[in-house]
Amino acid sequence: MAIRKLLLLLKPIDPYPFLQTEGSSLIKNPQVLKYLESRCKVHRNAINFCQEILSKKPVEWKPISRNDLSHPIRDVDMVITVGGDGTLLHASHFIDDSVPVLGVNSDPTQAQEVEELSDQFDASRSTGHLCAATVNNFEQVLDDILFGRVVPSKVSRISLKLNSELLLSHALNDILIAHPCPAAVSRFSFKIKNKNGESSPKTVNCRSSGLRICTAAGSTAAMQSAGGFVMPMLSRDLQFMVREPISPGSTASLMHSAFKPDQFMDVNWYSDHGTIYIDGCQVQHSVQLGDTIEISSDAPVLNVFLSHGISQIKSRY
């Protein structure tokens with residue numbers, strides 16, 4: 001398909017509005033202030049650069065702030081996000097499997113800066129794990145796409161049913177099901193079932209701080225931080241982990257594993273309150289005592305242009 005009409009989705013140009021309040025900065029440490037102002041400048045310059053490059057190409061494009069995006073993205077051939085993984089994640093909730101997306105990491109972490117400032121604060125910038133381009137290679141990556149030299153990868157997403165009703169939001173990274181108060185105990189049970197009607201012989205009953213399920217793309221995010229394993233990027237499997245289980249006993253080995261595309265997880269919620277967090281804080285749904293949640297990889301894939309190294313990543317377990 002020829003790509004002629006693009007949507008340029010932007011992280012807000014001034015992502016740190018709290019830097020100035022009534023003429024004075026809320027940040028008193030001059031080095032932190034300098035660092036945050038640098039991030040704003042670098043991001044703004046990246047936006048200007050991408051727009052200049054697009055103006056030279058035989059395409060029609062329109063810029064929009066991600067804060068102004070409220071409806072499904074239609075009638076475009078591709079979406080380009082300029083920001084980091086958060087901006088691409090935000091875009092994914094408005095895109096089906098018909099529109100490919102390219103992420104541009106506008107503000108990559110600078111290793112030397114992180115090292116120099118490590119004793120004072122964390123100077124990490126954007127990870128951009130899902131972003132195939134930066135300002136350094138944006139034009140080359142864009143040309144490769146426009147001339148058909150590369151194709152997007154089909155990245156799995158998570159489908160959710162709450163009390164048998166399909167939720168419209170699909171998770172690109174992960175979902176967390178937990179009590180809305182992080183200090184409260186979540187009570188639930190789950191069982192892995194096959195779509196042909198068979199199920200695992202064991203129901204796992206849990207008291208914990210929640211349940212996390214991730215895609216392959218999300219396996220390098222919160223799941224890995226919690227001790228999970230990295231999955232091949234194009235895997236359709238879903239990985240799950242019970243967070244901080246209380247006295248798991250004989251079921252401990254069943255609280256962290258993965259299930260296949262021909263399977264789904266059936267969760268029963270036994271706490272008075274709960275929340276399904278989809279891709280961090282992107283989307284939330286409330287759950288209550290007695291609710292059932294069905295989790296699978298039946299969601300439409302997201303077509304993402306990935307860097308070669310990311311698309312070829314191998315499992316580390």
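Let me begin with a term: two strands are taken to pair if DSSP finds at least two bridges between them. Please also bear in mind that this is a predicted model.

With that term in hand, consider strand E6, residues 159-162, which is joined to E7 by 2 bridges, the two running antiparallel. Within this pair, Leu162 stands opposite Glu165 in E7.

These strands belong to an open sheet of 6 strands, whose order is E7-E6-E17-E14-E9-E10 and whose pairing is antiparallel. Strand E7 (165-166) and strand E10 (204-208) each have a single partner strand and stand at the edges, so one side of each is left without a neighbour in the sheet.

Next, I turn to strand E9, residues 186-194. On one hand, 5 bridges join E9 to E10 in an antiparallel arrangement, and the bridge partner of Arg187 in E10 is Arg207. On the other hand, E9 is joined by 7 bridges to strand E14, residues 263-269, again running antiparallel. There, Ile192 has Met265 in E14 as its bridge partner.

Which residues have the most contacts inside the largest nonpolar core? They are Ile213, Met265 and Ile295, in a core of 28 residues. If neighbours within four places in sequence are left aside, the contacts of Met265 include Phe190, Lys191, Ile192, Leu211, Ile213 and Phe240. Phe259, Ile293, Glu294 and Ile295 are also among the residues that Met265 contacts.

I now move to another open sheet. This sheet has 6 strands in the order E2-E1-E3-E4-E18-E5, and its pairing is mixed. At its edges stand strand E2 (60-65) and strand E5 (153-155), each with a single partner strand, so one side of each is left without a neighbour in the sheet. From one strand to the next, the twist averages 30 degrees.

Val155 stands opposite Leu302 in E18.

Finally, what lies across strand E1 (5-10), strand E3 (78-83), strand E4 (101-105) and E18? The answer is helix H2, residues 85-92, which runs at about 145 degrees to E3.

Thank you for your attention.

Definitions and conventions
Residues numbered from 1 in each chain as written. Predicted model: local features only at pLDDT ≥ 70, side-chain atom pairs only at ≥ 80, totals over all residues. Heavy atoms only, no water. Helix = DSSP H or I, 4+ residues; strand = E, 2+ residues; numbered from the N terminus. Axes fitted to C-alpha atoms, helices over the stretch in contact; angles between N-to-C directions. Contact = heavy atoms within 4.5 Å. Core = buried A, V, L, I, M, F, W, Y, C linked by side-chain atoms within 4.5 Å. Buried < 20%, exposed > 50% of the residue type's maximum accessible area, 1.4 Å probe, protein only.
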